[in-house]
Amino acid sequence: MAKRLTNRKILITGGGAGIGRECVNQCIDEGATVAVLDQDIDDLKGAIENNSLANSIVPIKVEISNSEQVAMGVEQAALKLKGLDGVVNSAGIDLFTSFDEMNWDDWNLILAVNLSGAMHVCYQALPYLSSSIHSSIVNISSGAGLLPIPDRVAYCASKAGLVMATKALALDLGNRSIRVNAVCPGAVDTGLFRRHLSDQGQVRNIAARYAMNRLGTVSEIAAAVIFLLSDEASLITGTALAVDGGRTFH
Amino acid sequence: MSQNKVALVTGSANGIGKACALNLARSGLDLILVDVEKDTLHALCENITSEGFSATTISGDCRDTNVLDEVFNIAEQEFDGVDILVNNVGRSARELASAFVESRPETWVSVLEVSLITTLQITHRAVPKMMNKGWGRIINISSDAALVGDAGLADYAAAKSGLLGFTRVLARELALHDITVNAICPGAIRTRAHDHLDPSILERVKAEIPMNRVGEPEDVANLVTFLSSDKANYITGQTIAVNGGRHMT
């Protein structure tokens, strides 16, 4: 089958690990070159050296909540890739806490990374995306941005904000043929998830929220991202596509 | 018996159904196609076989239980049941569109029967085999009429909204059998109906769409093929719009 992202230049934030990393892998499998903006790129650099992917991946160390670093990182990505056809905003942080025990600085940080950071990347990438005929932005929101889960007020609010920002941006950019969509994963089995939840009973309880009674895999989330980046989705814009084994029924 | 997965597409002679049939055939599935338009369906079948793929056609009305008996006899005897069901058959009765207060009950009953009840009837027959096999895909073609509430189409919007509720319940009930159930809401898609429209109406429709164009049947078929694949294993109970941003879900 023909590759679906041949010669596309894709910027992926949070591409150093988890869902973002799998998006990097699948983009490359589909023929794209990728710039990764992440605060931790050491592991990715190691993988590049081991797999001779130096021509396919440009890792750039960026703290997404830092505006200056984002502006410089996006510019560097576009220069190295010679333009941008797509952006995947996968960088995100989580916070488990009751609202009354939440540290207010944490609220600001969650919003700064999950919402403001993602939108700042879009803002800086826009001039480059405007020059492409295949432009697509995919924001990784969360099922928690569509239907709340306990002890995650800041996280749910940031991800719901990202869904609405996605739709509003889709409305504004539609006539420039730049598509903007969100993917809303349910609980996904990543290293980070397992570090937070090592207890099997807790994992079973979380899986039970989903009709399929299991966690998602990074590969299942990335497959939806690739579909939305590709021309197969050329009429799809402003959607929030939940990939969650049946919880949000969105 | 072929080892390929089998997709049943209803209302498949034209438009979105036809594009789904072609796309699914090219992705390596065997097809069972049903439509009332015998000659058009036959031409599509020839088109598919000329590309080296396989399709079995049944011409008839999906409201007729004898037709459904024939479809599922073939599905059981010539194939090992239906793996992927694309419920595309539907009718808007757009030529009879009117304000609800002026509409005729006979029209609603007909629209609900074609656009909602047939999907329940066909799905009811297809699901037991999917449950036995522990794998299945059901894709219900709804409409953005269900989301937007276009004036003059109360019966059609009711039928297509009914499909959305049906999709969610069935997704919950079948999730543990690895059967996913999703709905697609196409917006304005270029079909035969557009050929007879005044160009000014099409311009007005386009003006409501952020991407400022009507879609092609292939735009919907691409999503149907994605949802039919193993890539979409974890997507279930969703309503996905393909409408250039006309109404955002």
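Author: Welcome! Let's start with a definition: two strands count as paired if DSSP finds at least two bridges between them. Please keep in mind that the model we are reading is predicted.

Reader: Thanks! Then what is the bridge partner of V138(A) in β6(A)?

Author: V138(A) has N181(A) as its bridge partner in β6(A). Another residue, S136(A), is bridged to R179(A) of β6(A). In total, 5 bridges connect β5 (residues 136-140) with β6 (residues 179-185) in chain A, and the two strands run parallel.

Reader: How many bridges hold β4(A) and β5(A) together?

Author: There are 4 bridges between β4(A) and β5(A), again in the parallel sense. Look for G86(A), which stands opposite S136(A) of β5(A).

Reader: Where does helix α4 of chain A lie?

Author: Helix α4 (residues 104-129) lies across β1 (9-13), β4 (86-89) and β5 of chain A. Its direction makes an angle of about 175 degrees with β4(A).

Reader: Now for the strand itself: are the residues of β5(A) buried or exposed?

Author: Here is the general idea: in a regular strand, side chains alternate between the two faces of the sheet. To call a residue buried, we ask for 20 or more other C-beta atoms within 10 Å of its own. In β5(A), 5 of the 5 residues are buried, so the strand is largely enclosed by the rest of the structure.

Reader: In what order do the strands of the chain A sheet come?

Author: The open sheet has 7 strands, in the order β3-β2-β1-β4-β5-β6-β7 of chain A, with parallel pairing. At the edges are β3 (57-61) and β7 (240-243) of chain A, each pairing on one side only. From one strand to the next, the twist averages 15 degrees.

Reader: And how many residues of each chain take part in the contact?

Author: Chain A brings 31 residues and chain B brings 29 residues. On the chain B side, α6 (154-174), α9 (217-228) and β7 (239-242) each supply at least two residues. Of the elements there, β7(B) gives the most, with 4 residues. By type, the chain B side divides into 13 nonpolar, 12 polar and 4 charged residues.

Technical notes
Residues are numbered from 1 along each chain as its sequence is written. Chains are lettered from A and ligands numbered from 1 in the order in which they are written. This is a predicted model: local features need pLDDT of at least 70, side-chain atom pairs count only at pLDDT 80 or more; totals for chains, interfaces and linings use all residues. Two residues are in contact if their C-beta atoms, placed from the backbone, lie within 7 Å. Ala, Val, Leu, Ile, Met, Phe, Trp, Tyr, Cys and Pro count as nonpolar, Asp, Glu, Lys and Arg as charged, and the others, Gly among them, as polar. Axes are lines fitted to C-alpha atoms, for helices over the stretch in contact, and angles run from 0 to 180 degrees between N-to-C directions. A residue is buried if 20 or more other C-beta atoms lie within 10 Å of its own, exposed if 12 or fewer, and partly exposed in between; C-beta atoms are placed from the backbone.
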